[in-house]
Amino acid sequence: MTAADVHTNGRRWAGETILVLTLAAVCFGLALHQEADVDLGFHLKTGEHVLRTGTVPQKDIFSYTNSHKDWPLHYWIPDVLMYGVYARWGISGLILAKCVVVALIFLVLYGGIRRLGVVWPLALILVVWALVMARPRFSIRPLLGSQLLLAILAVWWMQARSGRAPAFRFLPVLFMVWANVHAGMVYGVILLGTVCGVEVLKSLVTRVTGAKLVGFAPGRLRSLMVWSGIGVAVSVFIVWVMNPLSVKGLLLPFQFYRSEFFMSVIEEYGHVSFPRDSLFGLMLLGAAGALVLNRRNLDWSELALVGVFGFLAATSVRIIIVFGIVVVPILARNVQEGFGERLTGTRRRMGPGVALASTLAACAALLVGAYAYGTGNRALRPGFGFDARTFPEKAFRFIDDMRPDGEIFNSDMWGGPMILHLYPRYKVFVDGRQEVYEEDFWRRVYFPILAGAPGWDEILERYGVNLALLRNTGQRYGHRISEVMWESPDWVLVYWDDLVSLFARNRDRNRRLLETGYRVVYPDGFDVEAIRSEGRLEEAADELERKVREDPGSWRANLYLAETYLAAERPERAHEIFRGILDRGLMESPVAASFGLGDAFLEAGFPDSALACYRSVRRDARDDLLWRLKEIRALGMLGQDKDAQDLVRGIPEGRGRSDAQSVLARALLDGGRGGAAVRVLEEAVRREPRNPELCYGLGLAYEEAGRPSDAEAAYREALSWKPDFSQALNNLAWILAADARKLEEAGSLAEKAAALVPGDPQVLDTLGWIQYLRGENRAAVTTLAAAVGELGASPGPGSEDIFYHLGAALERTGDQAAAVEAYGRALAIDPEYSLGISALERLGVSPGNR
């Protein structure tokens, strides 16, 4: 070897080393994220149990609902290793160990592909492709160990076919380890079974036709079959000796795939979807295309493996990473053989620097594309530790401090974290081990409880449940149990945070817990308008202030508190809280906080600041129409009519367009520009003459513009399309009441509106005033008193008219003292209210001394 050759080889070796280190760094970067897999809890506790007792559990040890059931534990070895790392170095050590395993998987693939003679640019691009495709499934699980062993087998069989692999005797060792790592061993069995079956078929074809087919030599095929069979048989025997139930565990993948129920309820067993899994679809098409283009050297075994694992991955997203590990070496070999000379020639013409830069650019494009089209998981947080969004440690600390007796019902999502933090003091109702809980349990016990179906409480009583730890976003998935418990007098919400709600039975045994209860604020369905209509804004604010003191970092508590103050017409305080949410980054997505802050600015009279808030999160807003409506309102209040109209025109025809025009008109009215509002709504009604909401909005605009006859016509038009439109009925009745000749019609309209929306203070006020105008004084007092009662303890601005009307009716009945009190309450809301001042002066009472 000449000095030049040594120099060239040294440069090649150095370049390859840089590539390998770069690939390892990319693997670390993609796998280095906070742990969000809720199943980690039972894996760690399983490892702890095995080390502490020296036995592999035969029965379920973590739940009180299935403690008598067999547990086919097939992953005890990695659980022991995981717990050992966790006990010594904590969750950070586990995350680093996971990164090492992920790097090993793809370095094994890269090294195996290079040994097949594939050029490094192609090898690197395909391995990064598989890496990005698998990235959302990088969790701390025994499954990763199974995937590492599968990668070793995937590159080994292709090298074994050409005689470059180690001896076949390594197969029994591989399978003996694999059988105690994870049931994913079945994919290794499927791989070897497919290869052996196709190779036997090819040998028969060769004998019959004499055709020479690509594949194993007869002697090597016999060795492959013998040692594969020995490996599987020995591994199953050893598993049976150590834990007979684990043999059943090895068959779990087939059990799940045969069950439509489990395939439908377990997210990771669901079918692929596009564009989320587009990289999988492209790889499947690419592998098929490469096999076709390389048909002269087609290996039937490779074709069969692409078909088998492509089918499995298409039926379950969990298998996508398995598909990538098996298929990438096949794809690489066929592309290299089909286009090898072109690839080599292109690389030489480009030169090493350009080739390296081009390859890295292609890999970077895959990484960026993964995020752009949803293959990457945006929810993963880089760094160390448990992801606080999936491990409700605050709730567990609360339970541990309170130490209530009785069992706890928990959503399956919280089973693993609960085992990690509260076992053995508390066992779980359910967790993520589908092999423990039979289909009948899910159908007849767990899901009926989640749905709040009839008999849910009897099931909980049967299991001795005293508390319920529920997911706060459960309603999004059709889980009504939280709402049902909130409405039940037998249960009380005693704790909540951003993730969970904890309910306790309303019994004396829980007296200490019940002292912390929440009676107004329901976190999984917070409705500030309903709270305002019940007159309980002050109580809600007190509960939320308490929650914020207990948990200053809770985005829900801060957001709900800000919305409560906004509803209570304290925009300055609301603005302060919204700003704090944004400045402290309490919400992962700042959209809701920015929208809330913008609303607070609008209420406080700062539309320019509101507009800046809305525009700051325009790109992140999922509801495009919502931010458009908010921006239109702010622009209307600023008088930027042209920009507002441009936004309106950008909304497709239909309900969204009409809503936008109504919002713009309302903003113009709030800005004292009734004429402009009328023009906007007249154009809208011309476009949609049968839209009752637009006709109603036009009626409001006409009223604001001092055109009552036009308003009357608009309201009548709205009612012609929607006869039970309570607001239009009420407003039309009010306009007609100004004409004594139309009082009868006004009264019938008001009575109809009151029947449609009983308890609405504005509608009751209209009806009571018409009764007053008709001389029905006693009826007027009764109706108006009911309207006042519906206002609650803290009536807001605009309700002074109702108190004035009640005072006028009381004055007519001769109850002067009560009339003075009603007029006084009107002035308490608005000290400058001229009608109230005049009424008191007429009665000889000074407004300042009432």
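In this predicted model, helix 5 (residues 142-161) and helix 13 (residues 300-315) pack against each other at an angle of about 165 degrees, and their axes sit 12 Å apart. Since angles over 145 degrees count as roughly antiparallel, that makes helix 5 roughly antiparallel to helix 13. As for handedness, the crossing of helix 5 and helix 13 is right-handed. The contact itself can be traced to particular residues: W157, M158 and R161 on the helix 5 side meet S301, E302 and L305 on the helix 13 side.

Helix 6 (residues 170-179) is worth a look for its buried residues, which are L171, P172, L174, F175, W178 and A179. Where do they sit around the axis of helix 6? They cover an arc of only 160 degrees, which puts them on the same side of the helix.

Now for the strands. Strand 2 (residues 465-471) is mostly covered, with 6 of its 7 residues buried. Strand 2 pairs with strand 1 (residues 407-410) through 4 bridges, and these two run parallel. One of the residues involved is E407, whose bridge partner in strand 2 is V465. Strand 2 is also joined to strand 4 (residues 500-505), this time by 5 bridges and in an antiparallel arrangement. Here L467 has A504 in strand 4 as its bridge partner. Put together, strand 2 runs parallel to strand 1 and antiparallel to strand 4.

Definitions and conventions: Residues numbered from 1 in each chain as written. Predicted model: local features only at pLDDT ≥ 70, side-chain atom pairs only at ≥ 80, totals over all residues. Heavy atoms only, no water. Buried < 20%, exposed > 50% of the residue type's maximum accessible area, 1.4 Å probe, protein only. Arc of directions from axis to C-beta. Pairing = 2+ DSSP bridges. Axes fitted to C-alpha atoms, helices over the stretch in contact; angles between N-to-C directions. Parallel < 35°, antiparallel > 145°, perpendicular 65-115°, else oblique. Left-handed = near helix turned anticlockwise from the far one by under 90°. Contact = heavy atoms within 4.5 Å.
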